[in-house]
Each structure stands twice: as C-alpha cells, then as structure tokens.
Amino acid sequence: MSRYFSVKYNSLTPYVPGEQPKDMRYIKLNTNESPFPPSPKALEKAAEAAKRLMLYSDPECTELTRVAAQQLDVDPEEILFTNGSDEALNFAFMAFCDASHPAVFPDITYGFYPVFAELNHVPYRQIPLSEDFTISLEDYLAVNSTVFIANPNAPTGLALGLDAIERILQSNPDNVVVIDEAYVDFGGESALPLIHKYDNLLVIQTFSKSRSMAGARLGFAAGCKELIRDLKTIQYATNPYNVNSMTMAAGIGALEDDAYFRKNCLAVMENREWTRTALQELDFTVLDSVSNFLFAKHSQVSGGDLYRKLKEKGVLVRHFAKPRLSDYIRITVGSKEQMEVFLEKVKEILEEIP
Ligand code: PMP
C-alpha cells in the first residue's frame, strides 16, 4: 500500500476472483462461465455497434431496456442495466444500506457481499447457514436490515422457494430485500413477478452465465420505479456510461435469440444431472444444485487435494479453503465433452488412492 492510500480503506480486503491462468489450456470449470459462445445475433449486433464507438454509450440503455422490459413483462422504468450484476449489487449497497439499515446475508454465499459492505462502510451481519447448507427462513424474518440473498445460493447451488422469499419481504417492510438471481435460469424460480407486489423487492440478474456474456459485463436490477430511480441516482453519480455500446447491442441480440438461450440452459441442466449421478456413483456427496455448478465432496479425498490434482491434470475447479467448505470442490457445469474429461480425471485420482 502506498503512503497515499486513503485511511478509509485501511481494513478493506478486496474480492478474490477465480483464477484465470495463462500457463496452459485448462478445462475451465472454476468460474461458472457458460461453455457455449454468445448467440450469433449478439456477436453480429456487437460488431455493428463497434462502428459507432467514437460516440458515448446511451446512459439510459433505452433500446436494451425496452426489449428486456417487454420480455420480462415489466415497465422500462422498473429496470436498470449495469456493468455486470456486480455493479448492480454495489449500487444496492450504496443506495439501500447505512448505519440504520445494516446489511445481512448468509455466512456462506457470494464472497463479494462483505467486500461491498466494507467498501461502502456498511455495518453487516453474516447469518450461518444450517448444517445442511440451506438458508433458514426464520433467520431473516423481521431483521430490520437490508437483506441480500443469492437465490440459488453460491457455492451451494441450493434455492429458496418464492413462498419463503415472500415471507421475508412481508416481515421486513421497512427494508429492501435484494434477491441475487445470477443462477436462476438453470432451474430456479425467479422472484421478478413479485416486484409488482412488493415495493421493497430488488431482483438482480446477469447475462454472464445463462447468456454466455461474462466478458461483456452486463447485468440488471429490477424493482419498483422508486427503487430503480434511487439506483439511477447512484449510476449518474458514479458512471453514467456504465454499459458500453457493444455490450448493450450484444444484450439486445442475446435477448432476441430466446431459442438459443433456452437450448443452452437445458444443455447445462442435462449435463449437471448426468455429472451429479456419475459423481454419486464414485462415492461423492453432491448438494442438490439448481444452478450451473455442483458442490461436491468425496469420502476419501479432501477438497484441496482434489483441486490440486485436477489442476495438475488440466482441469480447473474452485476450492474454498474455509471452515465448512474445505472438504468440497465447486465444479462449473460445462459441455458434455468437458464433463467427460473431468470425470475421467476424477477416476484417475481415485484410482491413485493408496
Ligand atoms: N452474484 C453471484 C451469486 C455470483 O456468483 C456472481 C458471479 N461471480 C455475480 C453475482 C456477479 O456476476 P457478474 O458481475 O458477472 O454479473
């Protein structure tokens, strides 16, 4: 740290993204990206938009917002597009948390939540997940705090039902409840329709996973007009041109190619179930994921050993060296071919056990 670094950030520990190594070609099952390329329509529209890069991007994302609102059956004023859903989450911490609205979220969840809380000097409380890694509804009733829940949760892949989310919304009427649906398209149930019923609900989604656009950085927040107006105040106070023109155009192409989106989500879900069964046959315990990753542990090999040995064999998965998580690995569900190689390497590792 330089001697000029603001004391405001003395204790800030930044988020550690999954590794993106350049030393060799890995089968990359560590950052929950899609194994499929973006829709050809998205690529075509992005290339067209590149010709106008001398102009600033549209700070209102007018056309993308119109297309998305129509598809999602919401009003354009109920959506705000952001630079990845990480930005929407950061905006929510900035807009809806303070000393009298501290943040609460599970102790095991997306690792960026505590970082955003620290960055914005928001007091926060982490609520332990149950023994079986589920979120206990009772823990979130009348908490008098801004609630952040990833649904499905990461790295577990487990989801809460909409009935539970409604109870949380009803019992916290004076606080915003943020439902982070980064992985909802792989079998979860979206809370989006509930934004018309609850003015304290903010739903956040991303184009990074199910729409194969992680590198383009596109996400959005949806909620009642007042909440979205608050987020826009933050947007215009930080970076009005937060979504670049190529990404905006690609986003429209991705939304218009609904068949491609559905086909890819289905393929990931099929590969997930196939991989889950194969892992269980190899004596793995696998959580009941409804996302594009599996969280699994083996009876005889530790999570750390599995991670290291798989990496040596050219397959990257994610390991969290933390209490309760260190026995597990998180495996992004890739193409069938990638999952076949992954399982082949797992079998080799198991055969090497003395
Ligand atoms: N929420 C969750 C639960 C995530 O796992 C991620 C991706 N790591 C994000 C949000 C952010 O995704 P992005 O910024 O790419 O939209």
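## Figure legends: a predicted protein chain and its ligand

The protein chain contains 10 helices and 12 strands (DSSP runs numbered from the N terminus, with helices of type H or I having at least four residues and strands of type E at least two). This is a predicted model, in which local features need pLDDT of at least 70 and side-chain atom pairs count only at pLDDT 80 or more, while totals for chains, interfaces and linings use all residues. Residues are numbered from 1 along each chain as its sequence is written, and side-chain values use heavy atoms, with hydrogens and water left out.

**View 1. The shell around the ligand.** Among the residues that surround the ligand are Gly84, Leu89, Tyr110, Asp180, Lys209 and Arg217 (each with a heavy atom within 4 Å of the ligand). The shell divides into 4 nonpolar, 4 polar and 4 charged residues (Ala, Val, Leu, Ile, Met, Phe, Trp, Tyr, Cys and Pro count as nonpolar, Asp, Glu, Lys and Arg as charged, and the others, Gly among them, as polar). Helix α3, residues 84-96, gives the most to this shell, with 4 residues.

View 2. The side chain of Thr206 places an N or O atom 2.5 Å from a ligand oxygen atom. For Ser85, a polar side-chain atom lies 2.7 Å from an oxygen atom of the ligand. Asp86 contributes a backbone N or O atom, 3.0 Å from a ligand oxygen atom. Of the 400 Å² of accessible area that the ligand has on its own, the protein covers 91% (Shrake-Rupley method, 1.4 Å probe).

Definitions and conventions: Polar contact = N/O pair within 3.5 Å; in protein donor to acceptor, adjacent residues only side chain to side chain.
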